[in-house]
Amino acid sequence: MLRLILGRAGTGKTALLFSEIAARCARRQSGSFLIVPEQYSHEAERELCRVCGDRLSLYAEVLSFTGLARETAAKHGGGAEPWLDKGGRLLCMALAMQSVGSRLRIYSAAQRRAELQALLLSAVDELKSACIGYDALMTAAASCPDSLGDKLSDLALILEAYDAAVANGHADPADRLSILAGQIDENTDIDANVKIYVDGFIDFTRQEREILHAMLRRGAQLTVCLTVDALDGDNEIFELSRRAGRELLAYARELGAETEIVTLSEQSA
């Protein structure tokens, strides 16, 4: 089941979620999860503790997507290889450049420049966040002319070489959310008895969307708050959130899941 709670800032979306979680805690119903951005998780947990009281830790939990990934891996396994730290990731990028540097057309200079390797590592993070891999990059490169095609081809080679370097006994933290999506599909406790609330996001990365999709496939009761005037509006300020809501709604309907849209106004705050 997917429920979208829509409304501009200050209309009471977060307060509505907190009151629902508090009511579930008061009834001693477990299985409530509030997912918020990493930088907001501590503040959200403190506020939810204020609303719910001491029962919170027994019946509900505040997590980021990364925190959920860590908790799921600890409970169900996965990620047996040690996660690379920042230094280890830079070393793997250096090894990747040694491996494919002579085949690169645009980024060959990165073999000798650490600052370029750091920039390429950031590009790898962006690609993984968008779930774009070697095949997609090479397909795109074949359809793009001149230097753009060369850049995409180089990035494909670098990504493949980087993953090969990482796979030598380690795991890349940039893959953590993709791994979580697969674990939710296979062996987590997320099902129709679990209520998941998502708040504080303007948009979702492709990795995060895959996690939400997996939750819907498992039949979880998913509630997502979005700061947007309406899904059919045309205010450009809310376009990212509007697209995120439309995409989630379309996917839920494709699954045949029940959907609900709640729109809050300033009067209802």
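The largest nonpolar core of this predicted model comprises 35 residues, and the members that touch the most others are Leu 2, Ile 196, Val 198, Phe 204, Met 215, Leu 222 and Val 224. Two or more residues of this core come from each of S1, helix H4 (65-76), H9, strand S4 (195-198), H10, strand S5 (221-227) and helix H11 (239-255). The surroundings of Leu 222 illustrate the packing: once its neighbours within four places in sequence are left aside, Leu 222 is in contact with Met 1, Leu 2, Arg 3, Ile 196, Val 198, Leu 212, Met 215 and Leu 216. Another core, of 24 residues, lies apart from the largest one, and Val 100, Ala 110, Ala 161 and Tyr 162 are among its members.

Arg 3, listed above as a contact of Leu 222, also takes part in one of the salt bridges, of which the structure holds 14. Its partner is Glu 20, with the closest N and O atoms 2.7 Å apart. Because Arg 3 belongs to strand S1 (residues 2-7) and Glu 20 to helix H1 (residues 13-26), the pair ties together parts that are 17 residues apart in sequence. Both Arg 3 and Glu 20 are buried.

A second salt bridge joins Asp 175 to Lys 128, and here the closest N and O atoms are 3.1 Å apart. Asp 175 sits in the loop between helix H8 (146-166) and helix H9 (176-187), whereas Lys 128 lies in helix H6 (residues 114-129), so this pair ties together parts that are 47 residues apart in sequence. Asp 175 and Lys 128 also belong to a network of salt bridges that links them with Arg 89, Asp 125, Asp 163 and Asp 172.

| Residue | Relative accessible area | Class |
|---|---|---|
| Asp 175 | 25% | partly exposed |
| Lys 128 | 6% | buried |
| Arg 206 | 36% | partly exposed |
| Glu 210 | 24% | partly exposed |
| Cys 52 | 10% | buried |
| Cys 225 | 3% | buried |

Helix H6, which carries Lys 128, has 16 residues that should span 22 Å at 1.5 Å a residue, and the separation of 23 Å between its end C-alpha atoms agrees with this expectation. The buried residues of H6 are Gln 117, Leu 120, Leu 121, Val 124, Leu 127, Lys 128 and Ser 129, and they pack against helix H5 (86-100), helix H7 (134-143), H8 and H10. Just after the end of H6, Cys 131 adopts a positive phi of about 60 degrees.

As for the cysteines, the count of disulfides comes to zero. Cys 52 is in no disulfide, and the nearest cysteine sulfur, which belongs to Cys 25, is 4.3 Å away; a disulfide would require the two sulfur atoms to be within 2.5 Å. Cys 225 is likewise in no disulfide, with the sulfur of Cys 52, the nearest cysteine sulfur, 15 Å away.

Definitions and conventions. Residues are numbered from 1 along each chain as its sequence is written. This is a predicted model: local features need pLDDT of at least 70, side-chain atom pairs count only at pLDDT 80 or more; totals for chains, interfaces and linings use all residues. Side-chain values use heavy atoms; hydrogens and water are left out. A salt bridge is a side-chain nitrogen of Lys or Arg within 4 Å of a carboxyl oxygen of Asp or Glu. Helices (H or I, at least four residues) and strands (E, at least two) are DSSP runs, numbered from the N terminus. Buried means under 20% relative accessible area, exposed over 50%, partly exposed in between (1.4 Å probe, protein chains only). A nonpolar core is a set of buried Ala, Val, Leu, Ile, Met, Phe, Trp, Tyr and Cys residues joined through side-chain atoms within 4.5 Å. Contact means heavy atoms within 4.5 Å. The expected span of a helix is 1.5 Å times one less than its number of residues.
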